[in-house]
Amino acid sequence: MNYSELMNYQGYLYLNSISESSDSTLVLELDRTIIKGVKENEQTEVSQSDSYGSIDVDESLPIIRLVFDWYIAYSIRNEAYTVGDQYEVYDGKAFCIYSKSRYLDFINVSTIASDFHPGPFKHYGINALNHIIDVGSTEPPTISLIHRI
């Protein structure tokens with residue numbers, strides 16, 4: 001599975017954990033969800049404003065682990081305080097790659113990162129329930145699935 005494949009994911013995510021396994025290595029673990037009271041084939045058609053049961057972690061699905069072996073910067077925002085912005089250009093939904101964003105602008109003005117050092121980089125976005133995660137990295141994350149015990 002690669003990040004491009006994840007960009008087609010239409011469901012909701014929960015941030016399970018975030019850690020740095022070593023200097024400049026970021027590890028994100030994400031849970032996929034199930035909406036109680038909604039049939040499995042209707043899960044992607046339900047918006048958060050619809051009045052169904054709770055949105056819960058789907059324990060039948062493995063955890064998605066993303067490992068950024070080297071990052072320039074990352075940020076986590078509380079979803080409740082974010083707003084949509086017509087300025088930003090991206091592909092994806094729950095998992096995105098931005099070609100233009102305020103986060104890329106932030107990296108450009110607040111770091112020495114450039115196309116020359118460490119090399120061309122991208123803004124990877126993960127839009128989870130309660131958390132918006134932004135990562136600036138020269139490489140896409142390594143993706144693995146962790147099966148639950």
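Strand β8 supplies the largest share of the lining of the largest pocket, namely three residues. In this predicted model, that pocket has a volume of about 720 Å³. Besides β8 (122-128), the elements that give two or more residues to its lining are β5 (73-78), β7 (95-100), α2 (102-110) and β9. The lining comprises 27 residues, and Thr82, Val83, Tyr98, Asn127 and Ile132 lie nearest the centre of the pocket. By class, 13 lining residues are nonpolar, seven are polar and seven are charged.

The side chains of Asp134 and Arg77 meet at 3.0 Å, N to O. Because Asp134 lies in strand β9 and Arg77 in strand β5, the pair ties together parts that are 57 residues apart in sequence. Asp134 is buried, with a relative accessible area of 2%, whereas Arg77 is partly exposed at 34%.

The structure holds six salt bridges. Another of them pairs Glu59 with Arg148, with the closest N and O atoms 3.4 Å apart. Glu59 belongs to the loop between β3 and β4 (63-68) and Arg148 to the segment after β10 (142-146), so this contact connects parts 89 residues apart in sequence. Glu59 is exposed, with a relative accessible area of 55%, and Arg148 is partly exposed, at 26%. Together with Asp31, these two residues form a network of salt bridges.

Asp56 and Lys36 likewise meet in a salt bridge, at 3.8 Å from N to O. Asp56 is in strand β3 (residues 55-57) and Lys36 in the loop between β2 (25-35) and β3, 20 residues apart.

As to confidence, the protein chain has a mean pLDDT of 90.

Definitions and conventions
Residues numbered from 1 in each chain as written. Predicted model: local features only at pLDDT ≥ 70, side-chain atom pairs only at ≥ 80, totals over all residues. Heavy atoms only, no water. pLDDT = per-residue confidence, 0-100. 1 Å grid on protein atoms, 1.4 Å probe; cavity = no way out; pocket = protein on both sides within 12 Å on 5 of 7 lines; lining within 4 Å. Points joined across faces, edges and corners; volume = space filled by probe spheres on them. Helix = DSSP H or I, 4+ residues; strand = E, 2+ residues; numbered from the N terminus. Nonpolar A, V, L, I, M, F, W, Y, C, P; charged D, E, K, R; others polar. Salt bridge = Lys/Arg side-chain N within 4 Å of Asp/Glu carboxyl O. Buried < 20%, exposed > 50% of the residue type's maximum accessible area, 1.4 Å probe, protein only.
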